[in-house]
Amino acid sequence: MALILGIDTGGTHTDAVALDSATGDVVAWHKTPTTHGDLATGITAAIDGLQGVDPRQISLVALSTTLATNAAIEGLGGRVCALLIGYDEGMLRRYGLARRIHAAALEFIPGRHDVFGEERSPLDEDALRRAVERQGDYVDAFAISSYLSVRNPEHELRASEIVADLSDRPVVAGGAVGRSLDSVRRATTAVLNARLIPQIGRLLEAIGRSVSERGIAAPITVVRGDGAVMPLATATARPVETLLSGPAASAIGAHRLTGRDAALVVDMGGTTTDVALLRDGRPKVSDQGATISDWRTAIRAAEVRSFGMGGDSRILADPLDLSVGPQRVEPLSAAAATNPSVAEAVARIDRDNVTHRLVPVWEFLTIEGAADNSVRSSSEQDVCDALRGGPLDVTTLAKRIGLADARLLNLRSLIARGLVRRIGLTPTDILHARGEFQGFDVDSAVRGCRVAARESRVDLDTFLARTHELVVRQLGEGILRRAVAEFDQRASEGDDRLGRFVLDRSLSRDHRRDPLDVRLEITDPVVALGAPAQAWLPTVARRLHAECQVPDLAGVASAVGAAASQVIEQVEFLLRPLYARSGITGYVVHGPGERRRFASIAAARGYVEQAGPDLARARALGAGVAQPRVTQAEHSWDAPSENPGEAGYLMETRFTFTGSGRPDA
């Protein structure tokens, strides 16, 4: 029996399933904690937990992950310098677009092409070299984006060569990771890709090592954000394409586990909750580009609403505020269960009534252990040195490095780069303290919640009730906003007073007060997935007046979806006429990484109709499909004629070629 090994690595758990490649039945599954210090440890443990599976039976490995999505939401990743060729600096800064690129540094380099791909001003190579020399010692990677690289990539390609000669830092070209004409989205995508290279690179290296050590001689594929799989080498070069990989795989897994072709799939993980629309058995996909938190990318992906709410979301409390997420922390109960020093310190903090109105005194810091070759400040080095002996609560850590107050701890960059991890209160701890879940150290969860309750100036029961209600409301609001997006995307992001009233009142128990009953109802069934699904989502679904199904194997649905995913390789060509006063002077074809001119439309179409299917087929073959199916679609845009009755003017024809099929297992 040939098996497909599906693996899902999330912020909290790593799951493995073995599927019969002929029937699609799950023959074994296992869930284990994600080991962030060494991802291979958790992956290997998940594989080893598959009872009765012979590694020699595995003919294909498929990986899905939420690590890229989590990193975008939590603001994790290295420092990137964006080298912007031909961009208007004044316009970007005047309209606040520069902030949307999320680069640690922006360098504007002269050079320009027009919309037809003709060079209007040459690349200023000297300015580029000076920019690289200025930034080289202060950033972890470079992202290069030319304003119209989708029409002609030559400036990006030349700039990439120059930067690679001058620096040993990773270099990402925008045209390689995004084909959108939106230059800001393309630059943002290149920056995010550069930020993700170290983290996703560690994951892909870890899975390769784990699979090899277990004697599995099978190709490895990775689920993209649109639910299709890509080869390991592609994912290594373009980790940004794994954005929404986990949610897309979960939607496919929901279809496989429930048989439903249409549903609202809600996957609650440790770091995020992801809401996707299932249609015809596949996640609904957007060609506009994935948006994660405030990252607006050019990546084709499932239309998923991902928000920072999960079983491991950070809870903060003081007399004036209570918040959950979006940052992830290790649950206090889980850390105390494996580290007696944490349990002892929590008991001491509770017993001694340790307090600080502006710092969560129940939180701890621990060294992550990830390799890092970037520069650290002396204060950052002091923090790392102090934590090498084990986790420390924030008050003790501040004293250990000679600070008068825990507010002075310099942690933001260390946490963002994955060097230091927080331990704190989470929804998982709330369930422990309420007696609804007892998988870890219940006593430490209760003590931590009691400390937070004192800081909030309420008793323990009130604190637990308020926090539980806040989690339910935030989950419900995220689901409703995803549903509203089907009517109006901008409305789904809005937060006006009336909209806030409708959301809050609809999700409350007290939604009726004559003469008004405020209820928003989800009409699709809700399929609840993820390890915390059973604990939270049935309650949320009742508030939404929706049917809720928690399928068997809901906790490993993403791994099931990864194993069931197909290869879908899509390529685009754009054909445009070149107009002059005398009429059409020729035609230009813009394809992946190329630009060609033709004298006639017949020659241009002939080239596209030959090159397009060949390229789509070659990419599908390279992704492991033995006999790919190739389909073609085209759409023309004609400008209307000024004279009634006359034919319009062809502006462009866009060709899309798709190679698809199951990977050869």
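## Close-up views of a predicted model

View 1. The model is predicted: local features need pLDDT of at least 70 and side-chain atom pairs count only at pLDDT 80 or more, while totals for chains, interfaces and linings use all residues. Residues are numbered from 1 along each chain as its sequence is written, and side-chain values use heavy atoms, with hydrogens and water left out. Helices (H or I, at least four residues) and strands (E, at least two) are DSSP runs, numbered from the N terminus. Angles run from 0 to 180 degrees between N-to-C directions, and axes are lines fitted to C-alpha atoms, for helices over the stretch in contact. Two strands pair if DSSP finds at least two bridges between them. Strand 5 (residues 80–85) and strand 6 run parallel and are joined by 5 bridges; Cys81 has Ala105 of strand 6 as its bridge partner.

**View 2. Leu106 sits in strand 6 (residues 105–109).** Leu106 counts as buried because its relative accessibility is 18%; buried means under 20% relative accessible area, exposed over 50% and partly exposed in between (1.4 Å probe, protein chains only). Setting aside residues up to four places away in sequence, Leu106 touches Ala82, Leu84, Arg93, Ala98 and Ile101, where contact means heavy atoms within 4.5 Å. Pro340 is 234 residues from Leu106 in sequence and 46 Å from Leu106 in space, C-alpha to C-alpha.

**View 3. His113 belongs to strand 7 (residues 112–113).** With a relative accessible area of 3%, His113 is buried. The side chains of His113 and Glu154 are joined by a polar contact of 2.9 Å. A polar contact is a pair of N or O atoms within 3.5 Å; within protein, one must be able to donate a hydrogen and the other to accept it, and residues adjacent in sequence count only if both atoms are side-chain atoms. Neighbours within four places in sequence aside, the contacts of His113 are Glu118, Glu119, Arg120, Leu148, Asn152, Glu154 and His155.

**View 4. Strand 13 (residues 263–268) is mostly covered, with 6 of its 6 residues buried.** In a regular strand the side chains alternate between the two faces of the sheet. In strand 13, Ala263, Val265 and Asp267 point one way, Leu264, Val266 and Met268 point the other way, and all are buried. Strand 14 (residues 273–279) runs antiparallel to strand 13 and is joined to strand 13 by 6 bridges, with Leu277 as the bridge partner of Leu264. Through 4 residues, a hairpin joins the two strands. Strand 29 (residues 526–529) runs parallel to strand 13, with 4 bridges between them; here Val527 stands opposite Val265.

**View 5. Ser250 lies in helix 10 (residues 245–258).** Ser250 counts as buried, because its relative accessibility is 0%. A polar contact of 2.3 Å links the Ser250 side chain to that of Asp267. Not counting residues up to four places away in sequence, Ser250 touches Val265, Asp267, Leu529, Ala557 and Ser558.

**View 6. Helix 1 (residues 39–48) and helix 8 (residues 183–213) cross at roughly 40 degrees, and their axes come within 8 Å.** The two helices are therefore oblique to each other; angles under 35 degrees count as roughly parallel, over 145 as roughly antiparallel, 65 to 115 as roughly perpendicular and the rest as oblique. Their crossing is right-handed. A crossing is right-handed if the near helix is turned clockwise from the far one by less than a right angle, and left-handed if anticlockwise. Helix 1 makes the contact with Leu39, Ala40, Ile43, Thr44 and Ile47, and helix 8 with Arg202, Leu203, Ala206, Ile207, Arg209 and Ser210.

**View 7. The axes of helix 18 (residues 460–484) and helix 21 (residues 533–543) come within 9 Å and cross at roughly 65 degrees.** The crossing of helix 18 and helix 21 is right-handed. Among the residues that make the contact are Val471, Val472, Leu475 and Ile479 of helix 18 and Trp536, Leu537 and Val540 of helix 21.
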